[in-house]
Amino acid sequence: MFDIQRYPQINPPQRLLMGPGPINADPRALRAMASPLIGQYDPAMTGYMNEVMALWREIFRTQNRWTMLVDGTSRAGIEAILLSAIRPGDRVLVPVFGRFGHLLCEIARRCRAEVRSIDVPWGEVFSPQQIEDAIKRVRPRLLLTVHGDTSTTLLQPLDELGDICRRYGVLFYTDATASLGGNELDTDGWGLDAVSAGLQKCLGGPSGSSPVTLSPRMEEVIRRRRRVEQGIRNDSHYDGDDEIIYSNYFDLGMIMDYWGPERLNHHTEATSMLFAARECARIILEEGLDNTLARHALHGRALAAGIQGMGLDTFGSPAHRMSNVLGVVIPAQVHGEAVRQRLLEDFHIEIGTSFGPLQGKIWRIGTMGYNARKDCVLQTLAALEAVLNRLGLKTVQGAAMQAAWDIYDSAGR
Ligand SMILES: *Cc1c(COP(=O)(O)O)cnc(C)c1O
């Protein structure tokens, strides 16, 4: 007989999530998710959808009309943009400086793009000149970039790439999942045609909703495909065309018609996630986006000072580091996984491991969203220092805290 007693009510442990994401969601976002559900076309619901569009335009720093949510985790937004923009055979250029660049290549290949990538060693980013040279050589239709790549903790400068793309008639996309809300991103000022994100990093929410924004140029590309596609659907002799978007769920043309005044039925909006996404944006705008960015910068700096105060090395050039995730070189005297295990078991603090070329070489410690706070930084430093000393690495005990406090004191916090 089925024994329901073996499945008690869910009661996960309380953890402090200080890895590269996900992080502890802001309790206000979780409370918003517990709000009562309403119907798809309830005027209250369509009103909330319009509010979500207005709030997220501010976060993306854009006037783009099409600023909305794709339901699913961050890669739902990535897939929706890539599937909707890339026609089979289109050439795309991907500058790869970490794991998420490889993800863009992989998804673009599934869209049947002709994928060309350029590489730098993990720990570096591209200069605008390197990207322009590659665009001249490859002549892509789209440039697919990652803004902040948590796998290397580095931030690719994007501010000059929009002009370059314009000169060569290239559509410009970035995955800002890990950076938005914690590092400057100016969609319109930088000439981006599409940006996608996810809630679970600097934006302070749970995973499961992907805010996206599309420029008028990108809208036209997608609308054109939709017009051709609608013509095709009425033609029974039709046997395939590159303009078809090979997804229903991720067809941004259909998603625009659903979010727009037409309100054409598409999927059932993930209401609770929409409430979370609305609250995440609202919380940031209440603090002030510039203040949110400054908060991430401050706590990122305090963490880095503390780590260095402990005598450990940080990873990557400080000029191109993300503010919200720090790579910490694992000292030779300890085993990286043993340290992480102790932190989790004895302090309920989670920090990140690494993969690919950095596996076993660095930990990744995040200070983002709801966890970009002084208490989180100081707790993590104190716990890490204690564990390191317990496991055989002697540090000057207390020095990490003093170094972090120095940063806070000089910032008046
Ligand atoms: C964390 C991260 C993601 C996460 O994608 P999910 O589908 O939400 O797991 C995507 N892109 C980048 C650059 C990230 O850092």
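Biologist: Which ring does the charged end of arginine 373 sit over?
Modeller: In this predicted model, the charged end of arginine 373 is placed over the ring of tyrosine 370, at 4.6 Å from the ring centre.

Biologist: And what about arginine 99, where does its charged end sit?
Modeller: That charged end lies over the ring of phenylalanine 100, and the distance to the ring centre is 5.4 Å.

Biologist: Let us turn to ring pairs. How many aromatic pairs does a search of the whole structure find?
Modeller: The search returns four aromatic pairs. One of them joins tyrosine 48 and phenylalanine 275, whose ring centres are 5.6 Å apart.

Biologist: Why is that pair of tyrosine 48 and phenylalanine 275 edge-to-face?
Modeller: The planes of the two rings stand at 80 degrees, so the pair is classed as edge-to-face; the angle has to be over 60 degrees for that class.

Biologist: Which helices do tyrosine 48 and phenylalanine 275 lie in?
Modeller: Tyrosine 48 belongs to helix α2 (residues 43-60) and phenylalanine 275 to helix α9 (residues 271-287), so the pair ties together parts that are 227 residues apart in sequence.

Biologist: Is tyrosine 48 buried or partly exposed? And phenylalanine 275, buried or exposed?
Modeller: Tyrosine 48 is partly exposed, at a relative accessible area of 29%. Phenylalanine 275 is buried, with a value of 7%.

Biologist: What about the rings of tyrosine 249 and phenylalanine 250?
Modeller: Their centres are 5.2 Å apart and their planes are at 65 degrees, so this pair is also edge-to-face. Tyrosine 249 counts as partly exposed at 38% relative accessibility, whereas phenylalanine 250 counts as buried at 14%.

Biologist: Now the core. How many residues has the largest nonpolar core, and which have the most contacts inside it?
Modeller: The largest nonpolar core contains 89 residues, and those with the most contacts inside it are Trp56, Leu82, Leu144, Leu214 and Trp259.

Biologist: Which residues is leucine 82 in contact with, leaving aside neighbours within four places in sequence?
Modeller: With those neighbours set aside, leucine 82 contacts Leu104, Ile107, Ala108, Cys111, Leu144 and Tyr173.

Biologist: What does the second, separate core include?
Modeller: That core has 35 residues, among them Leu16, Ala304, Ile351 and Ala403.

Biologist: What does arginine 223 touch?
Modeller: Not counting residues up to four places away in sequence, arginine 223 touches Trp66, Met256 and Asp257.

Key: Residues numbered from 1 in each chain as written. Predicted model: local features only at pLDDT ≥ 70, side-chain atom pairs only at ≥ 80, totals over all residues. Heavy atoms only, no water. Phe/Tyr/Trp six-rings, centres within 6.5 Å; stacked < 30°, edge-to-face > 60°. Helix = DSSP H or I, 4+ residues; strand = E, 2+ residues; numbered from the N terminus. Buried < 20%, exposed > 50% of the residue type's maximum accessible area, 1.4 Å probe, protein only. Lys NZ or Arg CZ within 6 Å of the ring centre and 35° of its normal. Core = buried A, V, L, I, M, F, W, Y, C linked by side-chain atoms within 4.5 Å. Contact = heavy atoms within 4.5 Å.
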